[in-house]
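Biologist: Could you walk me through how to read helix packing and sheets in a model? I'm new to this one.

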Amino acid sequence: MFADGIIGHLRPKELLGKALAHDRIASAYLFCGPEGVGKLLLARAFLKTCCCDHRNGCGECGNCRKLEHGGHPDLVFLDGGEGPIKIEEVRLIQKHLRFHPFEAPRKVCLINNAEAMTTAAQSAFLKTLEEPRDNTLFILVSAQPDALLPTIRSRCQTLNFGPLPRRELVRQLMEQRGLDEPEARILAAVANGSMSKALDLNGEFFRDGRRQCLEEVAALPSPEENVLPHFQLSRRWTDQKENRQARLEALQFFFRDLLLLLSGRPESDLINADLIDLLRSRAQGETVDSVLAKLAALRETEWALEANANFQLTADLLLMQLSETASSR
Ligand SMILES: [Zn+2]
């Protein structure tokens with residue numbers, strides 16, 4: 001099958017597979033969905049199959065090889081991830097499309113991060129879409145399709161991509177990256193279904209730093225007893241600028257796990273299953289309400305930091321809120 005080896009996205013794969021099988025390939029597709037879930041990967045596999053001498057994306061024929069390694073005379077590839085796509089670039093596409101295909105059965109135009117087209121570029125591109133030719137295939141890929149002109153969207157067949165299933169992401173991280181299961185589980189959870197985000201995350205932090213961060217927070221006394229340790233820890237976090245976001249995410253998943261544990265969910269549902277002892281001992285002093293208050297405090301901290309609040313003061317407050325015991329509230 002054309003999408004062998006690409007994980008998830010059964011519905012888009014099925015629709016494209018049928019289009020190939022019945023030779024009813026639309027002239028324009030819009031692949032939309034979250035970042036890093038494999039939209040571009042599937043777009044490339046599809047256009048390779050459309051252009052392959054053997055119609056199966058063999059990987060061996062001239063068309064397949066040139067599409068894989070670059071330099072195919074019938075492919076135009078633009079990527080808005082590197083900056084805005086300007087009208088001049090769309091004009092180049094238009095020039096390119098005036099010629100008949102040289103080697104492939106059709107001309108192919110692939111635009112990744114298509115929302116990066118400027119308004120002028122989109123208007124020009126719309127004109128190109130309005131004059132479809134039999135032997136042209138456009139694929140637009142976007143995580144923000146709302147930023148495209150509605151008239152562009154309506155001229156494309158839209159395929160919606162969702163986040164990758166977490167257990168699939170875990171399996172891929174273990175197989176492709178050689179991670180062990182606890183690490184793969186936490187990265188997959190934090191990445192929220194995006195393979196590229198999972199690969200971008202600081203694996204070292206989630207492997208080693210996460211445990212240390214969670215143990216340090218769990219060891220804080222209640223603020224009524226003593227607030228000095230809170231201020232000391234927040235000072236250290238302020239000095240270590242890296243991993244600030246990762247710490248917050250690790251804490252969110254820790255308290256989420258605690259909530260699951262208090263609600264009687266099985267250990268297999270937990271993200272931090274490798275920290276079960278820490279979770280169990282922490283669960284002693286907590287109730288569902290006290291954990292919900294801590295999750296709310298974490299969410300408010302994120303908002304405050306997004307609004308450029310002072311990091312140290314925000315962290316002081318967060319650490320005090322996280323160490324309040326259920327009985328002191
Ligand atoms: Zn081929």
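Modeller: Let's start with a crossing: helix 11 goes past helix 15 in a right-handed way. Keep in mind that this is a predicted model.

Biologist: At what angle do helix 11 and helix 15 pack, and how far apart are their axes?

Modeller: The general idea is that two packed helices are described by the angle between their axes and the distance between the axes. Here, helix 11 (residues 228–239) packs with helix 15 at about 140 degrees, and the axes are 9 Å apart. That angle makes helix 11 oblique to helix 15.

Biologist: Which residues of helix 11 and helix 15 meet?

Modeller: On the helix 11 side, look for H230, F231, L233, S234, R235, W237 and T238. They meet F311, Q312, A315, D316, L319 and M320 in helix 15. Sorted by class, this contact of helix 11 with helix 15 has seven nonpolar, four polar and two charged residues.

Biologist: And helix 14: at what angle does it cross helix 15?

Modeller: Helix 14 (residues 288–306) and helix 15 (residues 311–322) cross at roughly 175 degrees, with axes that come within 9 Å. Angles over 145 degrees count as roughly antiparallel, so helix 14 is roughly antiparallel to helix 15. K294, A297, T301, A304 and L305 of helix 14 make the contact with F311, T314, L318, Q321 and L322 of helix 15. By class, the contact of helix 14 with helix 15 splits into six nonpolar, three polar and one charged.

Biologist: Now for sheets. In what order do the five strands run, and is the pairing parallel or antiparallel?

Modeller: In general, strands of a sheet pair through backbone hydrogen bonds, either parallel or antiparallel. In this model, five strands make an open sheet ordered 2-3-4-1-5, and the pairing is parallel. At the edges you'll find strand 2 (75–79) and strand 5 (157–160), each pairing on one side only. Ignoring direction, neighbouring strands of the sheet are turned by 15 degrees against each other on average.

Biologist: How many bridges join strand 1 and strand 4?

Modeller: Five bridges, in the parallel sense, join strand 1 (residues 28–32) and strand 4 (residues 136–142). To find your bearings, spot F31, which stands opposite V141 in strand 4. Helix 2 (residues 39–51) packs on this sheet, touching strand 1, strand 3 (107–112) and strand 4. The direction of helix 2 makes about 170 degrees with that of strand 4.

Biologist: Zooming out, into which domains is the chain divided?

Modeller: The chain splits into domain 1 (10–160), domain 2 (165–201) and domain 3 (202–328). Between the C-alpha centres of domain 1 and domain 3 there are 45 Å.

Definitions and conventions:
Residues numbered from 1 in each chain as written. Predicted model: local features only at pLDDT ≥ 70, side-chain atom pairs only at ≥ 80, totals over all residues. Domains from an automatic or database assignment. Pairing = 2+ DSSP bridges. Helix = DSSP H or I, 4+ residues; strand = E, 2+ residues; numbered from the N terminus. Axes fitted to C-alpha atoms, helices over the stretch in contact; angles between N-to-C directions. Contact = placed C-beta atoms within 7 Å. Parallel < 35°, antiparallel > 145°, perpendicular 65-115°, else oblique. Nonpolar A, V, L, I, M, F, W, Y, C, P; charged D, E, K, R; others polar. Left-handed = near helix turned anticlockwise from the far one by under 90°.
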